[in-house]
Amino acid sequence: MSSDLATQAISAPRTLEFPADFLFGSATAAYQVEGAAAEGGRAPSVWDTFAHTPGKVHAGDTGDVACDHFHRFREDVALMKRLNLKVYRFSVSWSRVMPDGVTVNPEGLQFYSDLVDELLAAGILPWLTQYHWDLPQALEDAGGWANRRTAELFADYAVVLHEALGDRVRHWTTLNEPWCAAFLGYANGHHAPGRTSPEDALAAAHHLLLGHGLAVAQLRRRDPELELGLTLNFTDYRPADPASPGDVDAARRLDGSFNRFFAGAIFDGAYPEDVLEDQAGLWREGLVQPGDLKIISTPIDVLGVNFYTGELLTGVEPERAAQAAAAARAQGAPNPNVGSEHVTSVPRGLPATSMGWEVFPQGLHDLLLRLHREYTGGAGVALYVTENGAAYPDAPDPAGFVQDDERLSYIREHLHAVHRAKEAGADVRGYFVWSLLDNFEWAFGYDRRFGIVRVDYDTLARTPKASAHWYAQVAATGVVD
């Protein structure tokens, strides 16, 4: 090594620094943490019904108690303050606020009002997510998200929340991960409500987006200064063999149905033509009505980005893909990749989390730049990483402490990716780790732990893990080692 290079190596920065106004926070979802499933006027949601159906959730676990955040929220807010969090992204349980999806429950609203007051008193910004998958069971009984009426009721729900909380909550996410709600909930049945109809899934996806657009329009009329948006989940899809037309087509297909389907509707006011071709014959006649896409693409201020992994994909030659997808749909297990059921993933040998998801921080870097370039930059929409984190098989010591070096490394590497993307021009303004607490991980029950804080499910005691102590320093200083 030359003396000049040696000097550069010694003097090169060993830390990354985020701007002072960059928001470090964490996130949870109502059904995963609140518990108190039958208290305060709350009625069942689709997840209550699903979790109580034998065989649907690991070990028969339910969210009846979860982390008991409903009773312990003051303790949890105090914990957030000790961890120096600037933002808490929480979701509202529709079935707690409006048990039948229509009638207001003042006691349920009061819980969220008290939570918001507690956060503000602690100097923590409340970031509201209106919907994180827990549809009131009464609305599912009336057709769920496959019923257009649910989208209209969602806008009414937004108004109810704004009347109660809008004076104090200024950051508003309508939907969290509509892909999961629609395609895991209605196509392959892995999530509530457990349906396995590709046609229902597409109807649900469209009505979720329509509900988002109707809610944004209502909120914008009521309060032009609100920071409004939604959160989409994205996966980095690449062909297993870039020289294989089938693999290239496979990556195009899932990038289309998973990523571009939602981003295109929101920012371009249209579903991508190639995705519609892939899904031909599965869209119900009259589902998309005149003016729907204009409503869906009502301008937003913020796009939330949830990112966990990337995948290499393989498939058949493009000219055989439609036939292969139809055969897989008819003969295989229910599949969330509607119109592209034949596409499969190829492991690349990277380290993986307990979810089986490969750790690929470069995917987040590339995604943020792509979103800024293709969608948000020209629209003047800010990006926030609203979920990023990892489940690992934590091993607590006798005091309940977890030295979770793998999770800490995962968060650090993804923060490096965010910093690089920001330096390259992506307008990224915050990062919210998933999750604050170990919690009910949907169909995996309590078997998978994402929290930076350990929850003892017998005693409900909270113990910050090594990753929490490290993240607290990052949140306090804006510096990542």
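**A charged pair and its surroundings**

Mentor: Helix α11 holds both D249 and R253, which stand four residues apart, about one turn of the helix. Helices are DSSP runs of H or I with at least four residues, strands are runs of E with at least two, and both are numbered from the N terminus. The model is a predicted one, in which local features need pLDDT of at least 70 and side-chain atom pairs count only at pLDDT 80 or more, while totals for chains, interfaces and linings use all residues. Residues are numbered from 1 along each chain as its sequence is written, and side-chain values use heavy atoms, with hydrogens and water left out.

D249 and R253 form a salt bridge, with their closest N and O atoms 2.9 Å apart. The term denotes a side-chain nitrogen of Lys or Arg within 4 Å of a carboxyl oxygen of Asp or Glu. Side chains of opposite charge can pair when their charged atoms come close. D249 is buried because its relative accessible area is 9% (buried means under 20%, exposed over 50% and partly exposed in between, with a 1.4 Å probe and protein chains only). R253 is likewise counted as buried, at 5%.

A further pair may be set beside this one. R348 and E358 meet through their side chains in a salt bridge of 2.8 Å, N to O. Both residues lie in the loop between β8 (344-346) and α15 (361-379), so the pair ties together parts that are 10 residues apart in sequence. With 24% relative accessibility R348 counts as partly exposed, whereas E358 is buried at 10%. D249 and R253 also belong to one network, joined by salt bridges that share partners, with R252, D255, R260, D274, D278, R370, R373 and E374. In total, the structure holds 41 salt bridges.

Helix α11 (residues 245-268) also packs against helix α10 (residues 198-222): their axes come within 11 Å and cross at roughly 35°. Axes are lines fitted to C-alpha atoms, for helices over the stretch in contact, and angles run from 0 to 180 degrees between N-to-C directions. The contact (heavy atoms within 4.5 Å) is made by L202, A205, L209 and H212 of α10 together with F261, F262, A265 and I266 of α11.
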